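Hi,

Here is the structure you will be working on. Please look it over, then read the notes below.

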Amino acid sequence: MGSVVSIREQVLELHERLERTARCVKPEALHWRPEEQAWSVAQILAHIAEFEHFFSSDVLNLKQHPGARFGRTMEHPERLQAVELTGDETLDTLLDGVHRGKHEVLAMLDALTDEDLAIEGTHPKFGTRTIEWEIGHFITEHIEKHIGQVERTYAAYCKTAERA
């Protein structure tokens, strides 16, 4: 079993990497999408801010109610609403949201002990899982996945811009 301290360090490292990656994106590329069904960098950042908020609350609820159901589906209204952007969002505004999400995750971690990481709940798709698993799967691995998505999306924009 991991420790809350090690998870906290991982969250901080991932956020540093995310910010460095996002700061490289040119403003004109922020809302560009490689294809109609794909998300823009702006949508990815908005999604990160939203899921950190959601899963921080979800973890704390599971701590208070061991054995409870946790998680959500891809069709969750808040998840979908978070990526409905106007196109006027700036990188700084989006990163402000990401910073708020990071602070919610850190506050959630501050409320946990290492023993709390073993508390179990039931996810509708994955079955019985622990708080440690929920944090790993839905927060840290999720951030890491989306850092790669930002990198790929921006690289695709740069290729398209070179050809134009």
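**Helix α1**

Helix α1 runs over residues 4–23. Its 20 residues reach 28 Å from the first C-alpha to the last, close to the 28 Å expected at 1.5 Å a residue. The expected span is 1.5 Å times one less than the number of residues. Helices here are DSSP runs of H or I with at least four residues, strands are runs of E with at least two, and both are numbered from the N terminus.

This is a predicted model: local features need pLDDT of at least 70, side-chain atom pairs count only at pLDDT 80 or more, and totals for chains, interfaces and linings use all residues. Residues are numbered from 1 along each chain as its sequence is written, and side-chain values use heavy atoms, leaving out hydrogens and water.

The buried residues of α1 are V4, I7, V11, L14, H15, L18, T21 and A22. They cover an arc of only 130 degrees around the axis, so they sit on the same side of α1. That arc is taken from the directions from the helix axis to the C-beta atoms. Buried means under 20% relative accessible area, exposed over 50%, and partly exposed in between (1.4 Å probe, protein chains only). An α-helix has 3.6 residues a turn, so residues three or four places apart point the same way.

The buried residues pack against α2, α4 (91–110) and α5 (131–163). The face turned away from them carries exposed V5, E13, E16 and R20.

**L60 in α2**

L60 lies in helix α2, residues 41–64. L60 is partly exposed, at 30% relative accessible area. Leaving aside neighbours within four places in sequence, L60 is in contact (heavy atoms within 4.5 Å) with M108 and A111. L60 and K125 are 65 residues apart in sequence and 20 Å apart in space, C-alpha to C-alpha.

**The strand pair**

Strands β1 (residues 120–123) and β2 (residues 127–130) pair in the antiparallel sense over four bridges. Pairing requires at least two DSSP bridges between the strands. A hairpin of three residues joins β1 to β2. G121 stands opposite R129 in β2.

**Cysteines**

C24 counts as exposed, at 54% relative accessibility. C158 is partly exposed, at 26%.

Best wishes
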